[in-house]
Every structure is written in structure tokens, then in C-alpha cells.
Amino acid sequence: MVRAAEQPQQAETSLTSEEEMLSRNPEQITVSAARRPVRRDEIGTAMTIITEQQILKQQRRSLPDLLAREPGLNLVRTGGAGGTTSIFMRGTNANEVKVRLDGMDINDGSSTSGMFDAAQFMTDGIGRIEVLRGPQSGLYGADAMAGVIDITTARGEGRFKPFVRLEGGSYGTFNQVIGLRGSKGRFHYNVTLNHYRMDGFRSIPHYIDRYYGATRAQRHTGNRNDNRGTNIRLGYDVTRNFDLGLTTRLIQSNYHTYSLYDLQSENEGGGHVRERNNTNEAIVRGTAHLVSFDGFFDQVIGLGYMAIRNRWNQTGLYATGPIYYRSDRLKIDWHGTFNFKKYGTVLIGAEHFHDTFDTSHTAGSAYDTGYHTQASMDTTAGYAQYEGNWNKVLYGAANVRYDSNSRYGHYVTWRVAPSVHIPHTGTIIKASAGSGFHGPTLYQLFFNQTGSSYSQKGNPDLRAERLIGYDAGVEQKLLHDKLHFGATWYDNKVKNLIQSTLSIDNSSGYSYYQYSYGNVSRARMYGVEAFAEWKPIKTLDFNLTYTWTHARDLTNHLPLQRRPQHKLNFNTSWNPLKDLTLSGNILYVSGWRDLPVIGSEVCSTCGKGHGYFTVDLAASYKINRFVTVFARADNLLNRQYEEPIGYLQPGREGYGGVTLSY
């Protein structure tokens, strides 16, 4: 690991204009909002930028632990490390958030909903994360109707810097990370290998143990997660104006779980029930970047590939045999930017995706029917954007995009995001408005399973979900930019929401259940996001964020599931000594509606999840240039809480370790 306070060293070769801007002030420059580097206050998009330095200070090892503290986001994880993790943004569904890694779209095409599951995604090797809130389909197409989470792998610079990090602690945790980064001449590199292990965390709450009469052995059965990953970023500067890049992330995970539903199955029917999920994921992307005509035309062409192989298996009384979920995504893209200097910039681009899906299961009995579904689709898109300013008072961008999908049709989306700087006041007024869409998955379109008493079939006539959203806010800078605060109001309306449907056929004298999907719902989400940042001295800073969310289904006038109304996060970091870094965090999340896990109610919002707050502390000390020791305490007050209902989250946790670097 690089040291928490270490900044990237000067490269041995010249950096591109983008890298120069990022190295000077990484927290104030956005690359994703306009697909080119601009100051974050020069565009109306509501966003959060997370740097590598912040990740290291807080010692956040997994993406869910990091994003859970960000404004506008609510993360729901079925248990501890490794459990399925959904990211809700501004009250929208988790599958309406697009996640990208180094320019490659990485939402899970093998899943039912197509959402990005952050469970096994670790933060090692990440250089920065940009969270863009609000509809972004005008630049990023399908799945970006709620927003975009854009992740970038860190670039290696300077001398050869190898490191080894060892970490241990609660729940049988033993983590090892080894890596190296640097540059040599025109070649730069960043390579990280990691292994994370957790064993013994139990996610079943005590009241569920009592309800189902759990035995002593059952009360001591927990979850186990084993995660191995490789993260690589390589680059070669062929000339001053032409460079090549290659990024790779490989993830292999084994997650063994014992949930409340396994306990229920054992105690109601007998047997020894366990679940196991094995996942292999590969993300690869290569790019060629050329700057022409003295910086007037800047273009990038890329080729990316993503593959997911998922094997789920259940043993015991209701053993079903393995179920396989497989998907592949091939992406070819190009975009170019014309820089007209004081007259602004014009961006044009095109993308093509080829997605395939395959799921299969061999029948085990008359009640365990087999199936095999294969399908594919193609998407071709083009987009354009103008970005500029008038007299350094009015800034902003406007874009439009056309997507043509071979399965669910053609869609046009747009977005405008102005920003007004009131001279000599430090006041910035921001706003944005745009449209978005989220297409049905191949599973929802074509899945087909027929049993003796039920059937589950996709609906090839599904239409894409549509959204219209806007936000407006004000930001203020005071005390020579040491104090920065602001608030944003947002409002989103969604139609054609895709939901599961059920019909019951009693014509044969017994009930036959038919499951499918339909565009059956509308929803509205609105609320406020506020923040305050204060840096009284160079070595001390405070950050406070607050999110208020109101999300309701307009079809049945009920609150949407798993959307807490209030969220507050306070973070501070302090360097009392040159080599000592301290960080603290307080997170509060209010109650929410959820699916009850005990009783006869089956509606998705009949249960009430209880709010919670957690306190986290982290510290690191650099003993010398080679050795750094660190420690971290999460949920220091040992708050017992569930999110979602029925899945207990970790109580008090303690971790510590050492980093050896050269």
C-alpha cells in the first residue's frame, strides 16, 4: 500500500492534460460528469469524488463499506462480508444505477435484475471513484437513469514502489495484499494481488433463533467468505500525444452462507441445509488515446470484455443441485472532443454492446424442474454534448443520446446541467434536468421454467423503464475556501417500472401459479442532499452530509422498500503528527419499510426496519520509510441492527496490521 499521506510522484514522462489536472487537485476535478476533466463546480451535476488518499485514511477495504457512507446512497447487504449488496441511489431501484470500471460497464448481466452486486468488489488498486447523482442516460445510456458510479484504477508513477499489507481481526479475518507500482521511461504500471478471508460471522438475529427454536449447533453456524483478486493497470506512452492502456480486474470468490431461510427449512422439514455461491469474474479493457492538432481534437477508442460465471448450490433437505448463471459483455466504443477554447468543447461518441446470457439447472425431482435459457442482445448508441461557459459566470453542459436495442427498442435521452458563479461572493447555483431509461434484462425477457404446480416465464414484450428528473441547489464558499457548504433538492418520476407478476389458474381443480414480469408500476422519489466541509487548518478537516429521501409507489400509494428517509454521516481526519493519521466516522440511518420474515404477511413493505447509528475509528502510524502499522474499530458501540430485515450486520469489529513498503 502506498502511504496514506503520499501523493503521486512526478512521472518520468510527461502527463496528459487530464492527468496533470487530476494530480494537482484530484478532489475538485471531475472526469465522468462531462467525459473530460473539468472543475466540479463548472457543471451542474450533483456528485461526490472519492480519492485514493481518502480510501486509505478510512481503511475501507470493500466497496460496500466505502459507499455506505456517501450521500444519496443506501446500501443493503444480506449479512456480512460477501452477502449480496444492492446500491440504491436517490430512492430508485438498485438496477437503475450504472457502475463502470475504467470505462467498462460492469452491471451484472447474469442476474435477474441486472444490478451491480458490490459484495466481492474490493478497493485495492482504486485511484478514484466519482458518484454522479441524477439521470445520466444522456451520456451513459441504459441503466444510468438514477446515476453513475465511475471507478478508475490508480495509475503508477515515479520510482518502483512494492508493498505488502497483512491484516487480521474479528470474525476470523486474515487479509493479505501485495502490489507494486511505478514507471520506467514511457511505461507505467500498477499491479495488486489480494486475498480476503472472513469466517464465523452469523447473520441470523437472536429473535429469529428463538422463533424457530434454533439448537446450540445452529446458533453457532455462521457464514464464510473467501475472496481473491487481481488488479492491473498498464500504460505505454508511444509519443507525447499518443498512448495505449490496458486494465484488468479478476475476482474469484467462494461464499458459504447460513441464513434465516436455511434455519427455517431445517427446523420445519429436517435435514442439514447450507448454501454456497462460487463466482468468477473477469473485466478487461484496452484503450488507445490520441491528441491531435495541438490539443484541438482529443479522442479515445476502447475495446472491453466482461465475463461472469456464477454457480449456486444448496445442500440438505431441499437440495436443488447447482444452478449456473453465465453472462458475457463485449463493448466497442469511441469518443472525441473538439476543444474550441473560449467557445467551449463539443463531444461526440459511439458505442456498441453485445450481451449474452445463459442459465441452466438439471431437474432433481418432480418439484425441482430443470431448465436451460440462452439469449443475447445488441445495443448501438451515439451521443453528442456541448460544454462551455459565458464570461466565467455561466457554466454547464447539454447532451443528447440515441440507443437502439435489438430486443426492447429505441430510446432518446438528454441532459442539461448549468452552473452559475456569482462573482466575488463564492456562491454557486447549480441545476440539472434530464431523462433516463433502464432496459429489461435477458432473464426478465426470456427465462422459461415450467413445473408441475408453477411456471416462471419471461415477458418478451417488456418495455424499458423511463425517468424524468431534475435537481437544483446552491453552494457557498467562505473563509478563503476553508468552509464549503450547500444543499440540493431533487425530484424524479418513473414510469413503466418492471415488477414480477403472479396469476393463479384454478381451472384444473388445483392452483397453478404463473410468475412473470410486467410494466405495472409508477413511482416518485424526491428529497434533499446537504453537505458542509470545513478545513480549519492544513492537518484537520471535517465533513458532514445529510440526505432526506421520500420514495413512493404511485400505483398503490405505498412507500418503496428499503429506502430510509434520513441519513447523516460525519467524518473527520487529523494528522496531529507528520507520520500519524487519525480518522473517525459517525453514520446514522433512519428506519425503512421492508419484507417481514416472520408471520403470514407477504407484502414487500409490511415490515419496519429499525434505524441505527455506528461509530468507526481508524489510525495509522509510519514507523519509518519501510514500516507502517494501522488499526481500525468499526461499530465501536456494538449497535445490533439489520439491513435488510432478517440479516444482522456486524457488531463491534477490531482490525489491525502492518504495511511493508519500499
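Trainee: Which residues make the nonpolar surface patch of about 480 Å²?
Mentor: Keep in mind that this is a predicted model. Strands β10 (161-169) and β11 (173-184) each supply at least two residues of the patch. Leu166, in strand β10, is partly exposed at 38% relative accessibility. The patch is made by Val164, Leu166, Phe174, Ile178, Leu193 and Leu660.

Trainee: How far apart are the sulfur atoms in the disulfide of Cys603 and Cys606?
Mentor: The count for the model is one disulfide. A pair of cysteine sulfur atoms qualifies when they lie within 2.5 Å. Cys603 and Cys606 meet that rule, with their sulfur atoms at 1.5 Å.

Trainee: Is the link of Cys603 and Cys606 right-handed or left-handed?
Mentor: Both ends are partly exposed, Cys603 with a relative accessible area of 29% and Cys606 with 33%. The angle about the S-S bond is 120 degrees. The link of Cys603 and Cys606 is right-handed.

Trainee: How many salt bridges does a search of the whole structure find?
Mentor: Side chains of opposite charge can pair when their charged atoms come close. The cut-off here is a Lys or Arg side-chain nitrogen within 4 Å of a carboxyl oxygen of Asp or Glu. On that basis the search of the whole structure gives 36.

Trainee: How many residues apart in sequence are the parts tied together by Arg69 and Asp616?
Mentor: The side chains of Arg69 and Asp616 meet in a salt bridge, 2.6 Å from N to O. Arg69 lies in the loop between α3 (63-67) and β4 (73-77), while Asp616 lies in strand β34 (residues 612-622), so the parts they tie together are 547 residues apart in sequence.

Trainee: Are Arg69 and Asp616 buried or exposed?
Mentor: Buried means under 20% relative accessible area. Arg69 has 9%, and Asp616 has 3%. Because each value falls under that cut-off, Arg69 and Asp616 are buried.

Trainee: What is the distance between the closest N and O atoms of Arg202 and Asp209?
Mentor: Arg202 is buried, with a relative accessible area of 13%. Asp209 is also buried, at 5%. They form a salt bridge whose closest N and O atoms are apart by 2.4 Å.

Trainee: Which residue forms a salt bridge with Glu266?
Mentor: Glu266 is buried, with a relative accessible area of 8%. In its salt bridge the closest N and O atoms are 2.6 Å apart. The partner of Glu266 is Arg274.

Trainee: Why is the pair of Tyr211 and Tyr212 edge-to-face?
Mentor: The structure holds 18 aromatic pairs. The rings of Tyr211 and Tyr212 have centres 5.0 Å apart and planes at 85 degrees. Planes over 60 degrees apart count as edge-to-face, so the angle that decides it is 85 degrees.

Trainee: What is the angle between the planes of Tyr411 and Phe437?
Mentor: Tyr411 and Phe437 form a stacked aromatic pair, 4.9 Å centre to centre. Tyr411 lies in strand β21 (residues 409-422) and Phe437 in strand β22 (residues 427-438), so the pair ties together parts that are 26 residues apart in sequence. Tyr411 is buried at 10% relative accessible area, and Phe437 is buried at 1%. The planes of Tyr411 and Phe437 are at 10 degrees.

Trainee: Over which ring does the charged end of Arg159 sit?
Mentor: The charged end of Arg159 is 5.9 Å from the centre of that ring. Arg625 lies over the face of Tyr662, at 5.7 Å from the ring centre. The ring under the charged end of Arg159 is that of Tyr662.

Trainee: Is the peptide bond from Glu643 to Pro644 cis or trans?
Mentor: Most peptide bonds are trans. Pro644 is in the loop between β35 (627-634) and β36 (653-661). With omega near 10 degrees, the bond from Glu643 to Pro644 is cis.

Trainee: What is the phi of Asp143?
Mentor: Asp143 lies in the loop between α4 (137-140) and β9 (147-153) and counts as buried at 17% relative accessibility. Asp143 is not a glycine, yet its phi is positive, at about 75 degrees.

Note on methods
Residues are numbered from 1 along each chain as its sequence is written. This is a predicted model: local features need pLDDT of at least 70, side-chain atom pairs count only at pLDDT 80 or more; totals for chains, interfaces and linings use all residues. Side-chain values use heavy atoms; hydrogens and water are left out. Buried means under 20% relative accessible area, exposed over 50%, partly exposed in between (1.4 Å probe, protein chains only). Patches are made of residues with over 30% relative accessible area and no salt bridge: like charges are joined within 9 Å, nonpolar side chains (Val, Leu, Ile, Met, Phe, Trp, Tyr) within 5 Å. Accessible areas come from the Shrake-Rupley method with a 1.4 Å probe; for residues, only the protein chains shown count as cover. Helices (H or I, at least four residues) and strands (E, at least two) are DSSP runs, numbered from the N terminus. Rings of Phe, Tyr and Trp (its six-membered ring) pair if their centres lie within 6.5 Å; planes under 30 degrees apart count as stacked, over 60 as edge-to-face and the rest as tilted. A charge sits over a ring if NZ of Lys or CZ of Arg is within 6 Å of the ring centre and within 35 degrees of the ring normal.
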